[in-house]
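Colleague: May we go through this structure together, one question at a time?

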Amino acid sequence: HRRGTPLQGIRFQLRRKGVGAEDIDATLADLASEWGALDTAAAVRLARRRRLGPFRPDAATRRDNRDKDLAAMARAGFDYDTAKQVIDADDDAAFLIEHHSR
């Protein structure tokens, strides 16, 4: 989750390692109580780590690369609404950082 992996990706990786569904659900519930909206928090982390959307250094580059940034989020496994919410956030990403980067 800290690396920016969406919820479905976390579930898949844990299942592949042989973790039972009940254990996965319990762990993700604990994680959700700590982080809130898991996919949004992970999307913010990925965007910050890869310097996408509001984390790009200048606004001109951001506008020119919007579609590429959305595609990168989609390839990482995020749904369109979550990716769009993060990529189209205000230039000042303080809200996103404050609420989704604990």
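**Charge, burial and contacts**

Modeller: Arg3, Arg49, Arg50 and Arg75 form a positive surface patch. A patch joins residues with over 30% relative accessible area and no salt bridge, like charges within 9 Å and nonpolar side chains within 5 Å. This is a predicted model, in which local features need pLDDT of at least 70, side-chain atom pairs count only at pLDDT 80 or more, and totals for chains, interfaces and linings use all residues. Residues are numbered from 1 along each chain as its sequence is written, and side-chain values use heavy atoms, without hydrogens and water.

Colleague: Is Arg3 buried or exposed?

Modeller: Arg3 is found in the segment before helix H1 (7-16). Buried means under 20% relative accessible area, exposed over 50%, and partly exposed in between (1.4 Å probe, protein chains only). Because its relative accessible area is 58%, Arg3 is exposed.

Colleague: Why does Asp69 count as buried?

Modeller: Asp69 is found in helix H5 (residues 66-76). Asp69 counts as buried because its relative accessibility is 1%.

Colleague: With which residues is Asp69 in contact, leaving aside its neighbours within four places in sequence?

Modeller: Contact means heavy atoms within 4.5 Å. With neighbours within four places in sequence left aside, the contacts of Asp69 are Leu52, Gly53, Arg56 and Ile87.

Colleague: What separates the C-alpha atoms of Arg56 and Ile87?

Modeller: Arg56 lies in the loop between helix H3 (38-50) and helix H4 (59-64). Along the chain, Arg56 and Ile87 are 31 residues apart, and the separation of their C-alpha atoms is 9.9 Å.

How values were computed
Areas by Shrake-Rupley, 256 points an atom, 1.4 Å probe, with all protein chains shown as cover. Salt bridge = Lys/Arg side-chain N within 4 Å of Asp/Glu carboxyl O. Lys, Arg positive; Asp, Glu negative; His and termini not counted. Charge placed at Lys NZ, Arg CZ, Asp CG, Glu CD. Helix = DSSP H or I, 4+ residues; strand = E, 2+ residues; numbered from the N terminus.
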